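Student: Please walk me through a protein model. I would like to learn how to read one feature at a time.
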Amino acid sequence: MSDRIYNIAIDGPAGAGKSTLARKLAERLGFVYVDTGAMYRAIAYYALLNQLMPMEEIISHLPCIHIALRYEHGVQRVYINDMDVSEKIRTDAVSMAASRVSAVPEVRAFLFDLQQQLAKRQSVVMDGRDIGTVVLPNAHVKIFLTASPEERAKRRHIELCEKMGESAPDYSTVLADVIQRDHQDSTRAIAPLKQAEDAVLLDTTSYDLEESLEALYRICKERLEANE
């Protein structure tokens, strides 16, 4: 929209549609898409690969972990020390480890610095459940996605069935897990709303991808034009 660099942050609880909508919004705006969850998973993968179970060991290795996000044919690739880990970080074991890693203040500070470096070089759309406390206050456009636990559990259940087939957990188990995650993350999930009073809430419970994308685009267009 101009020669300025813009930073758009999309936050919200797990399953609200952040990754899908943020990626498509970035394509629509011509911005770079940054999946902050991939950054956490990259650190978790490094920890598992090097058998760094105690958090103290992970923290001590942070200066040795060089994470890079590169875009090849429009697709984001994640590198650790020049090793492409884009596919390796998409496992359940890494996701579980990432949930633990993302709660460590030193890791969050480490990734905050990386996010800031990216945001200073190019216009970006960032998504991630844990970015609110550090990214939202500095973003030109701040969006917080919401969706009912039942809707998010339904989406997650469909994903697991497609991935695991008959061995996938039933819907009630997935719903219980979503509710437990919400309880554990309640303080962090509400932090963006307390720290960024001008964040726009967008409810994706009635999830229509194109309608949600159009709503996001309208919000960004209005906010960015207001910043000119």
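Tutor: Start with contact: it means heavy atoms within 4.5 Å. Helices (H or I, at least four residues) and strands (E, at least two) are DSSP runs, numbered from the N terminus. This is a predicted model, where local features need pLDDT of at least 70 and side-chain atom pairs count only at pLDDT 80 or more, while totals for chains, interfaces and linings use all residues. Residues are numbered from 1 along each chain as its sequence is written, and side-chain values use heavy atoms, with hydrogens and water left out.

Student: How many helices and strands are in the protein chain?

Tutor: The chain has ten helices and eight strands. Of its 228 residues, 46% count as buried. Buried means under 20% relative accessible area; exposed means over 50%; partly exposed lies in between (1.4 Å probe, protein chains only). Now take the contacts with a separation of 6 or more: 75% of them join residues 24 or more positions apart.

Student: Which residues of α1 and α10 meet?

Tutor: On the α1 side they are T20, L21, K24, L25, R28 and L29. On the α10 side they are L209, S212, L213, E214, L216, Y217 and C220. By class, this contact has eight nonpolar, two polar and three charged residues. Here Ala, Val, Leu, Ile, Met, Phe, Trp, Tyr, Cys and Pro count as nonpolar, Asp, Glu, Lys and Arg as charged, and the others, Gly among them, as polar.

Student: At what angle do α1 and α10 pack?

Tutor: Axes are lines fitted to C-alpha atoms, for helices over the stretch in contact, and angles run from 0 to 180 degrees between N-to-C directions. Helix α1 (residues 18-29) and helix α10 (residues 209-227) pack at about 55 degrees, with axes 10 Å apart. Under 35 degrees counts as roughly parallel, over 145 as roughly antiparallel, 65 to 115 as roughly perpendicular, and the rest as oblique. So α1 and α10 are oblique to each other.

Student: What is the order of the strands in the sheet of five strands?

Tutor: First, the rule: two strands pair if DSSP finds at least two bridges between them. The order in this open sheet is β2-β6-β1-β7-β8, with parallel pairing. β2 (32-35) and β8 are at the edges with a single partner strand each, so one side of each has no neighbour in the sheet. From one strand to the next, the twist averages 20 degrees.

Student: How many bridges join β1 to β7?

Tutor: Four bridges join β1 (residues 7-11) to β7, and the two run parallel. A9 has K142 in β7 as its bridge partner. Helix α1 packs on this sheet, touching β1, β2, β6 (124-127) and β7, and its direction makes about 175 degrees with that of β6. Helix α5 (residues 105-121) also packs on the sheet; it touches β1, β2 and β6, at about 155 degrees to the direction of β6.

Student: Which residues of β8 are on the covered face?

Tutor: V200 and L202 are on the covered face of β8 (residues 200-203), while L201 and D203 are on the uncovered one. Four bridges join β8 to β7 (residues 141-146) in parallel. F144 stands opposite L201.

Student: What is the order of the sheet of three strands?

Tutor: This open sheet has the order β3-β4-β5, with antiparallel pairing. β3 (67-72) and β5 (83-84) stand at its edges, each with a single partner strand, so one side of each lacks a neighbour in the sheet. β4 (residues 75-80) pairs with β5 over two bridges. Y79 has D84 in β5 as its bridge partner. Helix α2 lies across β3, β4 and β5, at about 35 degrees to β4.

Student: Is A42 buried or exposed?

Tutor: A42 has 0% relative accessibility, so it counts as buried. A42 lies in α2 (residues 36-49). Leaving out residues up to four places away in sequence, A42 touches I67, V78, I80 and I89.

Student: What is the phi of D82?

Tutor: Most residues other than glycine have a negative phi. D82 has a positive one, near 70 degrees. D82 is in the loop between β4 and β5. At 63% relative accessibility, D82 counts as exposed. Q51 has a positive phi too, near 55 degrees. Q51 sits in the loop between α2 and α3 (55-61), and is exposed at 66% relative accessible area.
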